[in-house]
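This report describes selected features of one protein chain. The sequence and structure are shown first.

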Amino acid sequence: MACSSARRTDGGGESVQNPTSIDAVQTLLAGQDYVCGRALGTVTYLALRLGRPLFLEGEAGTGKTEIAKALAAGLGRRLIRLQCYEGLDAASAVYEWNFAGQMIAIRAAEASGGVDRGHLKDELFTEDYLVERPLLQAMRPQPGGASVLLIDEIDRTDEPFEAFLLEALSDFQVTIPELGTIRAPEPPIVILTSNRTREVHDALKRRCLYHWVDYPTFEREIEILHARAPEAAGVLSREVVAFVQRLRTEDLFKKPGVAETIDWAKCLLALDVISLSPEVIADTLGAILKYQDDIAKLQGSEAKRILDEVRASLEPA
């Protein structure tokens, strides 16, 4: 998604480049096809206004990551993403040294003779050999303003990494022993996401504004689908959303998120489907369910039963 640094205004004449109200935030996100409810718009506005990190928690596929992408695109800022995983440490998230480049420099110096080891060491540990990782990149000045730093799926890391983030998010600075402390001249816009596979420590949450991103209502999910797959006909959109929302009430290992709703609608459009049928559902279940046990539960007459219930609920009273 391309970023634009142009300034626009909403109907009230407010700048959505630097939104000054909740409505302006919602307008900015809507411009990037991100449908934002009032509660999420409010906490996003406060995070921007107060310069506080925003902690978004919720089920996978509910749009937590997408809001960071939409903000970066709408504000014309660089998006820097730190994808978290088990075993992630501070060095991997902040920086590392270009050891290959340093070895080449050492051999070149030795070949030329007369190596001053103290001077060579000073030359090797400079920014010329520094490989910047996401957290350090986010501390650097960026064209168009401070970057949007997405710390994605923080719940996949461990407590030592959380402890390290406390300094980075409190003072917006990182320390490199060979170079000293690097502080952001303008703090980045920080968004942390969690799928709640484990509880994140309170000390980290206290430094953030918090919002639980839930599954949307039927009407809002229809709105989201229209924004992301506008070519989908009204009948198909309503059936798709109602079917997915009905699946979320089933006892499934992994319930489908909004991302799966959008993916499924696009798959159906690619197959020129205009209305759901048990056969079409059976053929495309892999777009919305990602575990074989869940798919097996909808084989046979189960998909037809749910589809019949969905159609009955969609019929006008």
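The sections below cover the chain as a whole, its helix packing and several individual residues.

## Basis of the report

The structure is a predicted model, in which local features need pLDDT of at least 70 and side-chain atom pairs count only at pLDDT 80 or more, while totals for chains, interfaces and linings use all residues. Residues are numbered from 1 along each chain as its sequence is written, and side-chain values use heavy atoms, with hydrogens and water left out.

## Overall architecture

The protein chain has 15 helices and nine strands; these elements are DSSP runs numbered from the N terminus, with helices being H or I of at least four residues and strands being E of at least two. Along the principal axes, its C-alpha atoms fill a box of roughly 90 × 50 × 40 Å.

Of the 317 residues in the protein chain, 48% count as buried. Buried means under 20% relative accessible area, exposed means over 50%, and partly exposed lies in between (1.4 Å probe, protein chains only). Among contacts (heavy atoms within 4.5 Å) with a separation of 6 or more, 72% are between residues 24 or more positions apart.

## Helix 1

Helix 1 spans residues 22–30, and its buried residues are Ile22, Ala24, Val25, Gln26, Leu28 and Leu29. The cover over these buried residues includes helix 2 (38–50) and helix 3 (64–75).

## Packing around helix 10

Helix 10 (residues 218–228) and helix 12 (residues 258–270) have axes that come within 10 Å and cross at roughly 50 degrees. Axes are lines fitted to C-alpha atoms, for helices over the stretch in contact, and angles run from 0 to 180 degrees between N-to-C directions. Helix 10 and helix 12 are therefore oblique to each other; angles under 35 degrees count as roughly parallel, over 145 as roughly antiparallel, 65 to 115 as roughly perpendicular and the rest as oblique. Helix 10 contributes Glu221, Ile224, Leu225 and Arg228 to the contact, and helix 12 contributes Val258, Thr261, Ile262, Ala265 and Lys266. These residues comprise five nonpolar, one polar and three charged, where Ala, Val, Leu, Ile, Met, Phe, Trp, Tyr, Cys and Pro count as nonpolar, Asp, Glu, Lys and Arg as charged, and the others, Gly among them, as polar.

The axes of helix 10 and helix 11 (residues 234–247) also come within 10 Å, crossing at roughly 130 degrees. This pair is therefore oblique as well, and the crossing is right-handed. On helix 10 the contact is made by Phe218, Glu221, Ile222, Leu225 and His226, and on helix 11 by Ser237, Arg238, Val240, Val241, Ala242, Val244 and Gln245. Seven of the residues in this contact are nonpolar, three polar and two charged. Glu219, also in helix 10, counts as exposed at 58% relative accessibility. Between Glu219 and Arg238 the C-alpha distance is 9.2 Å, at a sequence separation of 19 residues.

## Buried polar side chains

Thr157 lies in the loop between strand 5 (148–152) and helix 8 (159–171) and is buried, with a relative accessible area of 5%. A polar atom of its side chain lies 2.7 Å from the backbone oxygen of Ile154. Beyond neighbours within four places in sequence, Thr157 is in contact with Cys84, Tyr85, Leu88, Glu162 and Arg198.

Gln142, in the loop between helix 7 (134–139) and strand 5, is buried at a relative accessible area of 15%. The backbone oxygen of Gln137 is 3.0 Å from a polar atom of the Gln142 side chain. With neighbours within four places set aside, Gln142 is in contact with Arg78, Ile80, Gln137 and Ser147.

His211 belongs to strand 9 (residues 209–213) and is buried, with a relative accessible area of 17%. Its contacts outside four places in sequence are Ala39, Leu40, Val43, Phe55, Leu56 and Glu57.

## Positive phi angles

Most residues other than glycine have a negative phi. Glu153, which is not a glycine, has a positive phi of about 60 degrees. Glu153 lies in the loop between strand 5 and helix 8 and counts as buried at 18% relative accessibility.

Arg196 likewise has a positive phi, near 60 degrees. Arg196 is placed in the loop between strand 8 (189–194) and helix 9 (202–206), and at 43% relative accessibility it counts as partly exposed.

Terms used. A polar contact is a pair of N or O atoms within 3.5 Å; within protein, one must be able to donate a hydrogen and the other to accept it, and residues adjacent in sequence count only if both atoms are side-chain atoms. A crossing is left-handed if the near helix is turned anticlockwise from the far one by less than a right angle, and right-handed if clockwise.
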